[in-house]
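Visitor: Could you walk me through this one while I have it open?
Guide: Gladly; here it is.

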Amino acid sequence: MDSMEVNKAIASVLTAGIAFMVASLIADGMVHPTRLKETAIHVDMPAAAGAPAAPAPEQPIAALLASADEKAGEKFAHTVCAACHTFDEGGKAGVGPNLYGVLGAPHGHMAGFDYSAALKAKQGPWTYDELNEWLTKPAAYAPGTKMTFAGIPSEKQRADVIAYLRTLSKNPEPLPPVPAQAASAAAPAAGAPAGGAPAAAPIGPMIAAAQPAEGEKIMQRDCAVCHTLTKGGKAGVGPNLWGVIGGPHGHMAGFDYSAALKAKQGPWTYDELNEWLTKPSAYAPGTKMTFAGLKKESERAAVIAYLRTLSDNPEPLPAAAKPAEGGNSQAGTTAAGTAPATEGSPAPAK
Ligand code: HEC
Ligand code: HEC
């Protein structure tokens, strides 16, 4: 008798509910690919006052990543990038490749996806800074790319999105070293735990201030017995170290690495090298590198600053300890060559 009415009532409630869901999904920005034009993707235009609209950001993204909002990045990615990309592990390619695990993976990381020659020509893994450059303006980073997406002008939004991409992994990469104002306020060496514990404090600011020449001396003293450093140099007891920063763990083709080192995922970051060089056997228990470690943080920073130069295309320096408030965005880069180490002196032991 009344059941018909009840059914109708339920049906209408359901219909309204579905309509509401659809509306809110649309409002959330489930943009259909065919509706996408470049204009649809421009997020807020260079809102950051004074930020140059230059396609290739010179500033490492590290500082912004530390305060990035990965939830906002997720929302953005699922709104804007989802028109072409999936994000879940094993997700299918759309117009673009699936993006699970892209950070730290090689350019063109999805097996079977038909990448442009432009993207395939890029060497090495996707670093934070490269993703930043790419997302600023894909066509400038890889002219001829198939990703017909204008770019994200807002640096803050790029940082959010990259922070989100970082989470798409079973084993997310460590965040890049933070150029902490905080670090200069606190004692510079405070973060280096004594003894065997892996170094936890980001070493970026110290690397930026270190003298590569000091690092070279230390390496001649401590490392050269086992490692060659020149491009194409032969393996000794240890692998050749040309290009190790940003390269994968176990980066020298043909070298017989320990299982311990081979098990490490992703590229060598500054912080990982710092941890490794503090105490190799703590970073990779079972490693073949029978070297106790460099106790002094200043020595590790100098060595890493020198390792960085062993490349045709050195990784960007981590941001310096005191980012210039006054807008000299190059400060972090130029400091490396000239600035003396601020804390003590690197004190090369004889
Ligand atoms: C209009 C479609 C489209 C949109 C929108 C789009 N992409 Fe892409 N994306 C592509 C295509 C196509 C490629 C492959 C590019 C090539 O081969 O040159 C790609 C490649 C990439 C890669 C490199 C993947 C790899 O395996 O090396 C990343 C990272 C990426 N996109 C991130 C993003 C992010 C983040 C957004 C949103 C801010 C976005 N894309 C928006 C189509 C798109
Ligand atoms: C007694 C020999 C020895 C000394 C001394 C030594 N290493 Fe090594 N190093 C090795 C070996 C062997 C490996 C490979 C480790 C493995 O497979 O577990 C290695 C690996 C490395 C790696 C990783 C390379 C890669 O391709 O992933 C780096 C970086 C490194 N050493 C840096 C240094 C630095 C810097 C010093 C000096 C402060 C140093 N090593 C001192 C033997 C040595």
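**Cysteines, salt bridges and a metal site**

Guide: Cys-81 counts as buried at 16% relative accessibility, where buried means under 20% relative accessible area, exposed over 50% and partly exposed in between, with a 1.4 Å probe and protein chains only. This is a predicted model, in which local features need pLDDT of at least 70, side-chain atom pairs count only at pLDDT 80 or more, and totals for chains, interfaces and linings use all residues. Residues are numbered from 1 along each chain as its sequence is written, chains are lettered from A and ligands numbered from 1 in the order in which they are written, and side-chain values use heavy atoms, with hydrogens and water left out.

Visitor: And Cys-223, buried or exposed?
Guide: Cys-223 is buried, at 12% relative accessibility.

Visitor: How many disulfides does the structure hold?
Guide: The structure holds zero disulfides, a disulfide being a pair of cysteine sulfur atoms within 2.5 Å.

Visitor: Switching topic, how many salt bridges turn up in the whole structure?
Guide: A search finds nine, each defined as a side-chain nitrogen of Lys or Arg within 4 Å of a carboxyl oxygen of Asp or Glu.

Visitor: Which partners does Arg-221 have?
Guide: Arg-221 meets Asp-222 in a salt bridge at 2.9 Å, N to O, and Glu-299 also forms one with Arg-221, where the closest N and O atoms are 3.2 Å apart. The pair of Glu-299 in helix α15 and Arg-221 in helix α11 links distant parts of the chain, 78 residues apart, helices being DSSP runs of H or I with at least four residues, numbered from the N terminus. Shared partners join Arg-221, Asp-222 and Glu-299 into one network.

Visitor: How accessible are Arg-221, Asp-222 and Glu-299?
Guide: Arg-221 is partly exposed at 30%, Asp-222 is partly exposed at 22%, and Glu-299 is buried at 6% relative accessibility.

Visitor: Now the iron atom of ligand 2, what are its protein donors?
Guide: They are His-227 through NE2 and Met-289 through SD, lying 1.9 to 2.0 Å from the iron; donors are N, O and S atoms within 2.8 Å of the metal (3.2 Å for Na, K and Ca), and since water is not among the atoms, sites may look incomplete. His-227 and Met-289 link distant parts of the chain, 62 residues apart.

Visitor: Is His-227 buried or exposed?
Guide: His-227 is buried, with a relative accessible area of 12%.

Key: Helices (H or I, at least four residues) and strands (E, at least two) are DSSP runs, numbered from the N terminus.
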